[in-house]
Amino acid sequence: MFSGVLQSELLSIFYSCGSKPLAIWDCKAKNGHIKRLTDGDIGNSLVLELTGTNVATTYITAPADPHASLGVKLPFLCMLIKNLKKYFSFEITFLDDKNMRRRLRASNYQSATRVRPFCCNTPLALSNGWNQIQFNLADFARRAYGTTYVECVRVQVHANCRIRRIYFSDHLFSEGELPASYRLLHADDAELAKQRQQQHEQMAQQQQAMLLQAQQDSAVSRSVA
């Protein structure tokens, strides 16, 4: 989908304030809903809300064509997500240099990291309110599977959450470096910026622990094989 597009520093695949935010996405909602509404915590901005009684049956997935690939080569995936204090999960499918499709599944109801040949399940800790979730897919592929990240194939976000934006980048940006529409707050808001920095540090520690566990599980699997 994006393989023929110039991929520079930032590549957005979802923006809740866009005219057609779900243009490249397929939506499924069973015993739940997917709708746009305004969120007072970020200046009454439009966001997309996904809620459902079962996280597995309410989700959005890109690309809409199940046989297509996003073809995004940028290694950092960033998502602006609001914690609704309910079960929530998302999945990332990527291709590595072994021509294998691996899936990373993160959720706030998973208690431990489990690495399998084609799928890794990892816990996700969210702060109250809005969160900026960041994943280094290249680092994950190297540590969990000993391979090189090639491209992201698919992104799937499940209930329950609110989404502001989902984008890829070639490196991690500070709040001040990002365009205004990619941020949740103004760069000059010192207190909120401090809270966001604490969230980033907590997320980094969590991912470091996850990658360490993935490395250990991968080493055990190779020794058994």
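How many helices and strands does the secondary structure of the protein come to?

**Figure 1. The whole protein in a predicted model.** The secondary structure comes to 2 helices and 13 strands. The protein has 225 residues, and 52% of them count as buried. Its accessible surface comes to about 10800 Å². Carbon and sulfur atoms hold 49% of that surface. Now look at contacts between residues at least 6 apart in sequence: 71% of these join residues at least 24 apart.

**Figure 2. The largest nonpolar core.** This core has 41 residues. Phe 90 and Val 157 touch the most other members. Helix H1 (residues 137–145) gives the largest share of the core, 5 residues. In soluble globular proteins, nonpolar side chains tend to be buried together.

**Figure 3. Close-up of Phe 90.** Which residues does Phe 90 touch, leaving out those up to four places away in sequence? The list includes Met 79, Leu 104, Ala 106, Leu 124, Ile 133, Phe 135 and Val 157. Arg 105, Gln 156 and His 158 are also among them.

**Figure 4. A second, separate core.**

Figure 5. Is Ser 16 buried or exposed? Its relative accessible area is 0%, so Ser 16 is buried. Residues up to four places away in sequence aside, Ser 16 touches Pro 21, Arg 36, Leu 46, Val 47, Leu 48, Ile 163 and Arg 164.

Note on methods. Residues numbered from 1 in each chain as written. Predicted model: local features only at pLDDT ≥ 70, side-chain atom pairs only at ≥ 80, totals over all residues. Heavy atoms only, no water. Core = buried A, V, L, I, M, F, W, Y, C linked by side-chain atoms within 4.5 Å. Buried < 20%, exposed > 50% of the residue type's maximum accessible area, 1.4 Å probe, protein only. Helix = DSSP H or I, 4+ residues; strand = E, 2+ residues; numbered from the N terminus. Contact = heavy atoms within 4.5 Å. Areas by Shrake-Rupley, 256 points an atom, 1.4 Å probe, with all protein chains shown as cover.
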